[in-house]
Amino acid sequence: QGARSRRHRWVRAAVALCGAGSVVALLSWRDAPAPMAPEAEALQLAAAPPAGDGAPVDLCTDGWFIDASMHVRFAQKGTGLADLITSSGGAFTLVGDLQPTGPVKVTFSISTFDYGTVSVRTEMERDATHLLRATKTRDSVCLGVNGTEPVCMLPPLGSLPITSFQMQPVGTVAYGNSGLATVTDFQQEGGLVSTSFKLSKAPLEELWRGAGHLKQLAMVAKESLAYVAGDGLAPQDVHAFVAAASGDGVVVQGTVVPPLSERGLACRVERKIAGAMASGYFGAVVRNRLAAANISSVKPGADVVEASAPAAVIPTEAVRCRHAERRDLVLGSSCSGFCWPAGAPG
């Protein structure tokens, strides 16, 4: 439990490095008016995915942090490449290379927005079932086998801006189906949940010029996302910022940081937020929070007109980043300490 608590604090600190949040009154944030909860079926969680070759698995991440484990056993005979876990979005590959002799070489490769493909490799024997753990942090990619010290790829010091190491969207994630390996018990140990929504009738220039208005709107987003996520989450578990102008309003992005005390919590939180967005419940919560916040630059009738979890990807022309001029896309809110809306004055 102590190790999990330390890891949770580390993830919170990593997100905090990417942008300062507002101080919240923990005893009062839930007191703002909120609509009645939606019907239960609107937030019904999907059933656990089946195990087996080609079956889907749960992996929810904003591209910055992944911690996942699985059991792997390679075939006694046969040579070639064995996909262990696949990503339809091409965000990563986890592949075993089976040669006629010697251990199997297992490579974990991620596709980043700016830094290209980054890989790390380890070795596993064929004659046993192994516990394989793959992790990605804000500046490393690692593979560990059976609880031993992981092998990690660390970029050269000073060569990697923080905003360059974000992984591409994962798409659908599934067990491989090569016939050369059996993979079971995939578990996500930890991850960050990316969200975004468009708010109408909130002109960016007025928000920018209003004293503290951007921070106030970010707080509305934090409180709203924490409220619909449930599971004991509070606003300090959410990082949010105004990411871009959109029509007469703005796009707000938020990253939810679930505690690492429960396996699969990231995907459960993502599903609950997605369900609340699809049902309209999230929009109702935002409207109530806006009324309580009374932000003068947000016009009467402002509403959530589009929302997604995981977050929609924003083209680079919509966002300016201080330390990543080559950045192609923005996904989630983790670059907010370095980025601000391109349509903002100054």
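**A guided tour**

The protein has five helices and 18 strands; helices (H or I, at least four residues) and strands (E, at least two) are DSSP runs, numbered from the N terminus. This is a predicted model, in which local features need pLDDT of at least 70 and side-chain atom pairs count only at pLDDT 80 or more, while totals for chains, interfaces and linings use all residues. Residues are numbered from 1 along each chain as its sequence is written, and side-chain values use heavy atoms, with hydrogens and water left out.

Start with everything shown. Of the 346 residues of the protein, 50% count as buried. Buried means under 20% relative accessible area, exposed over 50%, and partly exposed in between (1.4 Å probe, protein chains only). Among contacts (heavy atoms within 4.5 Å) between residues at least 6 apart in sequence, 71% join residues at least 24 apart.

**Stop 1: Val-72**

Select Val-72, which is found in strand β1 (residues 66–74). Val-72 is buried, with a relative accessible area of 0%. Leaving out residues up to four places away in sequence, Val-72 touches Leu-84, Met-124, Ala-128, Thr-129, His-130, Leu-132, Thr-182 and Val-183.

**Stop 2: Thr-195**

Next, go to strand β11 (residues 193–199), where you will find Thr-195. Is Thr-195 buried or exposed? Thr-195 counts as buried, because its relative accessibility is 0%. Beyond residues up to four places away in sequence, the contacts of Thr-195 include Leu-225, Val-252, Ile-273, Met-277 and Ala-309.

**Stop 3**

Select residues 213–229, helix α3. The 17 residues should span 24 Å at 1.5 Å a residue, and the end C-alpha atoms are 24 Å apart, which agrees; the expected span is 1.5 Å times one less than the number of residues. Of these 17 residues, 13 are buried, so α3 is largely enclosed by the rest of the structure. After α3 comes Gly-230, with a positive phi near 65 degrees.

Bring in helix α5 (residues 281–293): the axes of α3 and α5 come within 9 Å and cross at roughly 140 degrees. That makes α3 oblique to α5. Axes are lines fitted to C-alpha atoms, for helices over the stretch in contact, with angles from 0 to 180 degrees between N-to-C directions. Angles under 35 degrees count as roughly parallel, over 145 as roughly antiparallel, 65 to 115 as roughly perpendicular and the rest as oblique.

To see where they meet, show side chains: the α3 residues include Leu-217, Val-220 and Glu-223, and those of α5 include Phe-282, Val-285 and Arg-289.

**Stop 4: backbone details in loops**

Most residues other than glycine have a negative phi, and most peptide bonds are trans. Select Asn-146, in the loop between β7 (141–145) and β8 (151–153). Although not a glycine, Asn-146 has a positive phi of about 55 degrees, and at 42% relative accessibility Asn-146 counts as partly exposed.

Move on to Asn-294, in the loop between α5 and β14. Phi of Asn-294 is positive, near 55 degrees, and at 63% relative accessibility Asn-294 counts as exposed.

Finish at Pro-310, in the loop between β14 (304–308) and β15 (314–315). The peptide bond from Ala-309 to Pro-310 is cis, with omega near 5 degrees.
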